[in-house]
Amino acid sequence: MNIAKALCVATAAVLSTTCLQAQESFPKRTVTFVVPFAASGATDHLARVLGLKLSKIWGQAVVIENRAGGGTIIGTQLVSKAPADGYTLLFTSYGFTANSVLRKNLPYASNAFRPVARVATGYNVLMVTNRLKDKSLKELIANSKTQSGGLSISSSGLGSSPHIAAEFFSKLTGTTYTHVPYKGQGPAMVDLTAGVVDAMFDGMSSYSHVKSGYVGAVAIAAPQRHPDAPEIPTFKELGVDFVAGSWFGMLAPAGTPDSVVAKINADMQLALQDEEVKAQMVKTGASIGITSSEAFGQFLNQEATRLQNLVNQGAKIDLN
């Protein structure tokens, strides 16, 4: 073996040992999950359930820090400036994608993060107020084309997953609608129940309102029917090839070592082998499953491209 080859082998062995040691030693202190939303809600719930299990796996505390505001920008910016050591992580959802495409002059660079794992995927259900007499998809589309301003559709906020779902629906069906944004899912659902607005796209976390009869469900924007609501047809079954929803996942500051990202991802997968953890997480109505860091990165790029294409088609989503 020549000297150069020997040096390469020795270097590889050292790097391999270093990576293994980093994986074995992380974490040595408290880990913080920054959630860019107020406490409660699906993103916060998933972060807390996962954090509690990881704290047991790691033997270290996991703190959930809610940094709401600015359409998730405040909490996201905080993590972008954190040390790239794995001890401050961002647990977020669809707003991360929307901001990267729809907002100008973000206070952090698009490459300020590296994906760790996608944890869950949720699909939006088109829900309608009970005051509407015509609740079939065909009738709703017809009405939105004939009444002034189309249907009034509420959402949990500008650029939210329900807002973007309404835009996709409008483009796919050639309909118009009047967007009524609220500060959160709660108040939006209150006004839908009261009949102040006609409709709303929302995740399965709001299915209890359908089961209780407070609102109606027209269709789910998913590849197949949801196992907890088999009576709700997919849009595709009704003639509209439409899939839309949110995602939930973990990101780390750019520059976080591969070994640390791999360790966190592996331990998240271990956490999801616990049946109680899965039972708690599915309460959000989302489909639970950990992806690799690489797969999550590809998914984020696909989501951003899809949204950019919607904007290029003329969707007017002004968040600035």
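Predicted model: local features only at pLDDT ≥ 70, side-chain atom pairs only at ≥ 80, totals over all residues.
Local features require pLDDT of at least 70, side-chain atom pairs count only at pLDDT 80 or more, and totals for chains, interfaces and linings use all residues. Residues are numbered from 1 along each chain as its sequence is written, and side-chain values use heavy atoms, with hydrogens and water left out.

Helices (H or I, at least four residues) and strands (E, at least two) are DSSP runs, numbered from the N terminus. Helix H2 covers residues 42–58. The expected span of a helix is 1.5 Å times one less than its number of residues. For the 17 residues of H2 this gives 24 Å, and the end C-alpha atoms are 24 Å apart, which agrees. Several H2 residues are buried, including Leu 46, Leu 50 and Trp 58. Buried means under 20% relative accessible area, exposed over 50%, and partly exposed in between (1.4 Å probe, protein chains only). Just after H2, Gly 59 adopts a positive phi of about 70°.

Ser 161 belongs to helix H6 (residues 161–173). Its relative accessible area is 8%, so Ser 161 is buried. Its side chain makes a polar contact with the side chain of Asn 124, at 3.1 Å. A polar contact is a pair of N or O atoms within 3.5 Å; within protein, one must be able to donate a hydrogen and the other to accept it, and residues adjacent in sequence count only if both atoms are side-chain atoms. Leaving aside residues up to four places away in sequence, Ser 161 touches Tyr 94, Asn 124, Gly 245 and Ser 246. Contact means heavy atoms within 4.5 Å.

A nonpolar core is a set of buried Ala, Val, Leu, Ile, Met, Phe, Trp, Tyr and Cys residues joined through side-chain atoms within 4.5 Å. The largest has 46 residues, of which Phe 201, Phe 235 and Phe 242 touch the most other members. Helix H11 (residues 293–312) gives the most to this core, with six residues. Apart from it lies another core of 32 residues, among them Leu 46 and Phe 91.

Rings of Phe, Tyr and Trp (its six-membered ring) pair if their centres lie within 6.5 Å; planes under 30 degrees apart count as stacked, over 60 as edge-to-face and the rest as tilted. By this rule there are 12 aromatic pairs. Phe 169 and Phe 242 form a tilted pair, 6.1 Å centre to centre with 45° between the planes. Phe 169 lies in helix H6 and Phe 242 in the loop between strands E9 (215–220) and E10 (245–253), so the pair ties together parts 73 residues apart in sequence. Both Phe 169 and Phe 242 are buried.
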